[in-house]
Amino acid sequence: MPAAHVSRVRALYRRILLLHRALPPDLKALGDQYVKDEFRRHKAVGADEARRFLQEWEAYAAVLWQQANENSQNSTEKACFGAALPEEKLNDFRDEQIGQLQELMQEATKPNRQFSITESGKPKC
């Protein structure tokens, strides 16, 4: 892997972990662990998969940055994070990825969390 590519991956990884600081504590912990696992799991993937991986995580970072900024400007409203996952993206997932999403959803929707994840198009805040 070229040094510039490794540098881009590291910068994105650090940026995401910094953005997670804006999340509620339970969601931050869950997100940090998921990011660490995913980046570790994709260390040795092929060029095409690495490109798609980076694109998706860069899009995630952009959405999270926007939501963190909106939430900081609306200090009177409850913080809201998340986005719907379009069905066409779900159709592209491998069985292993669907299983990971199910595990993530189960963890995120355990009782006594400070946030809520729904199956509707808009996050429940």
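Which helix gives the largest share of the lining of the second largest pocket? Let's work towards that pocket from the overall fold.

This is a predicted model, in which local features need pLDDT of at least 70, side-chain atom pairs count only at pLDDT 80 or more, and totals for chains, interfaces and linings use all residues. Residues are numbered from 1 along each chain as its sequence is written, and side-chain values use heavy atoms, with hydrogens and water left out. The pLDDT, the predictor's confidence in each residue from 0 to 100, averages 83 over the chain, and 85% of the residues score at least 70.

The chain has 5 helices and 0 strands, running α-α-α-α-α from the N terminus. Helices (H or I, at least four residues) and strands (E, at least two) are DSSP runs, numbered from the N terminus. Mean pLDDT is highest in helix 2 (residues 25–41), at 92, and lowest in helix 5 (residues 95–108), at 82. Of the 125 residues, 22% are buried, that is, under 20% relative accessible area with a 1.4 Å probe, protein chains only.

Helix 2 deserves a friendly look. Its 17 residues should span 24 Å at 1.5 Å a residue, and its end C-alpha atoms are 24 Å apart, which agrees; the expected span is 1.5 Å times one less than the number of residues. The buried residues of helix 2 include Leu27, Leu30, Val35 and Phe39.

Now for the rings. The whole structure holds 6 aromatic pairs, where rings of Phe, Tyr and Trp (its six-membered ring) pair if their centres lie within 6.5 Å; planes under 30 degrees apart count as stacked, over 60 as edge-to-face and the rest as tilted. Phe39 and Phe53 have ring centres 5.0 Å apart and planes at 70°, so they make an edge-to-face pair. Because Phe39 lies in helix 2 and Phe53 in helix 3 (residues 47–73), this pair ties together parts 14 residues apart in sequence. Both residues are buried. Tyr13, Tyr34, Phe39, Phe53, Trp57 and Tyr60 form one aromatic cluster.

Phe39 also leads us to the second largest pocket: of its 15 lining residues, Val9, Phe39, Arg40, His42 and Lys43 lie nearest its centre. Helix 1 (3–19), helix 2 and helix 3 each give two or more residues to this lining. The opening question is settled by helix 1, which gives the largest share, 5 residues.

Conventions: Buried < 20%, exposed > 50% of the residue type's maximum accessible area, 1.4 Å probe, protein only. 1 Å grid on protein atoms, 1.4 Å probe; cavity = no way out; pocket = protein on both sides within 12 Å on 5 of 7 lines; lining within 4 Å.
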